[in-house]
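This note is meant for a colleague who is opening the structure for the first time. Please keep the sequence and the model in view while reading the points below.

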Amino acid sequence: MVRNVKFLGTGCCLPDKVVTNDDLTDLIDTSDSWIRERTGIGARRVVEGRTATSDLAAGAIADACQEAGIEPAELDGIIVGTCSQDTLFPSTACWVQDRLGVSGMPAFDVMAGCSSFLYGLEVAANWIEAGRAKRVAVCGAEVFSKILNWKDRRTCVLFGDGAGAAIVGPSDGESGILSANWGSDGTLASILKVPAGGTRMPASHATVDEAAHTVYMEGSKVFKHAVRAMSGSLLRAMEDAGIGPDDVDVFIPHQANIRIMEACRERAAIPQEKVYSVLEDYGNISAASIPVAICEARRAGVLQDGHLLAMTAFGTGLTWGAAVVRY
Ligand code: UT7
């Protein structure tokens, strides 16, 4: 059943500072060739000074509002997907309201790691379909550079900072969400996490000394589950939408590693030229990777009105999700 919910505008906000793979060789024992071959990443953007996740999120939402032809104050809701929130509380979405100078509409975070944008889209779609909202901002935003251990070469080369957003609202035409699914497996929560700073391991001198406030990842386990979950979720969404691989006009998987993206594409038999990727320039921007790629694909003229867009994601939790959208 097509859900009459469409993208009214998209936006993105990337920090200006570029950190190349070669720049990282000053910090850790790595090389441009290792990073490119094992991940497909060539560079990442990194914030400077006191810039936080809500600053990038507010920039992306303002950009998306402009494309949708509305003022941020006209939004009925703001959903921010992030796992690098400004503060433990309040939510990054509330900080975004402060940055945008708006209030009144509900604003909250969804925390599903790199799947957060698709989780946010599912929440917004249900909200709109229930007739309770007409314009909802769904944003994925991250400042990973401030939660990485820059001495750990297994993680610090992978992630970047950035934000992407979409304004979604009711559709009365052909556009809509043809299918979507989402899921989680918390029994695997421990393989990708920031261990300290919450109630399980509160902040202390020892947690700081042990770099326990930074990303811990069992990379090869995550890799294996990512391929399985992303491709399974994608295949289910394509089947539910009643489409085959050749019907897909643009395929935007979560962009963590070119080998994961390629394995998913192959399993779904989607032609290679349909993949839109920002991974090489931005690295893994977690919740922001799908909305930033959508925004850039729109602006490059690759993703056009009427196109079939397939998306799939996977993240900490573990979480996953996929959606097929008639743009
Ligand atoms: O967004 C969702 C969350 N994240 C992901 O989806 C990431 C999923 N995982 C991955 O993308 C991959 O597992 C990684 C890119 C993290 C690692 O690639 P891998 O092919 O699984 O490498 P590995 O962990 O098996 O490491 C192979 C070797 C090791 O050396 P030894 O033990 O064989 O001597 C590592 O120490 O590569 C070494 N290595 C590096 N070498 C140079 C690990 N990181 C680096 C590095 N530069 N940055």
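1. In which helix does T92 lie? The model is a predicted one, and in it T92 belongs to helix α4, which covers residues 92–100. Is T92 buried or exposed? Its relative accessibility is 0%, so T92 counts as buried; the limit for that class is under 20% relative accessible area. Setting aside residues up to four places away in sequence, T92 touches T53, S54, V80, T82, Q85, D86 and D109.

2. T25 is placed in the loop between α1 (21–24) and α2 (32–39). Its relative accessible area is 34%, and T25 is therefore partly exposed, the class between 20% and 50%. When residues up to four places away in sequence are not counted, T25 touches T30 and S31. The C-alpha atoms of T25 and R153 are 9.8 Å apart in space, although 128 residues separate the two in sequence.

3. The next point concerns the sheet. Five strands form an open sheet in the order β1-β7-β6-β4-β5, and the pairing is mixed. Because β1 and β5 (107–110) stand at the edges with a single partner strand each, one side of each has no neighbour in the sheet. From one strand to the next, the twist averages 20°. Within the sheet, β6 and β7 pair in the antiparallel sense over eight bridges, and V136 stands opposite V168 in β7.

4. Which helices lie across β1, β6 and β7? Helix α3 (residues 53–68) lies across these strands and also across β4 (77–81), and runs at about 130° to β1. Helix α11 lies across β1, β6 and β7, at about 95° to β1.

5. The domain assignment divides the protein chain into domain 1 (5–172) and domain 2 (177–326). Taken over C-alpha atoms, the domain centres are separated by 14 Å. Contacts between the domains involve 52 residues of domain 1 and 46 residues of domain 2. Together the two domains bury about 3700 Å² between them, with 64% of this area on carbon and sulfur atoms. On the domain 1 side, C114, L118 and Y119 lose the most area to domain 2, and together they account for 18% of what that side buries.

6. The largest nonpolar core has 39 residues, of which F7, V136, V168, I252, I294 and M311 touch the most other members. Two or more residues each come from β1 (5–13), α5 (116–129), β6 (136–143), β7 (161–170), β11 (250–253), α11 (289–299), β12 (308–315) and β13 (319–326). The element that gives the most is α5, with seven residues. Why does this core lie between domain 1 and domain 2? Both domains give residues to the core, so the core lies between them.

7. I252 deserves a separate look. Apart from neighbours within four places in sequence, I252 is in contact with Y276, I290, A293, I294, A297, L309, A310, M311 and T312. There is also a second, separate core, which has 31 residues and includes I191, M261, A263 and F314.

Terms used: Residues numbered from 1 in each chain as written. Predicted model: local features only at pLDDT ≥ 70, side-chain atom pairs only at ≥ 80, totals over all residues. Heavy atoms only, no water. Core = buried A, V, L, I, M, F, W, Y, C linked by side-chain atoms within 4.5 Å. Buried < 20%, exposed > 50% of the residue type's maximum accessible area, 1.4 Å probe, protein only. Helix = DSSP H or I, 4+ residues; strand = E, 2+ residues; numbered from the N terminus. Domains from an automatic or database assignment. Contact = heavy atoms within 4.5 Å. Pairing = 2+ DSSP bridges. Axes fitted to C-alpha atoms, helices over the stretch in contact; angles between N-to-C directions. Buried area = accessible area lost by both parts, 1.4 Å probe.
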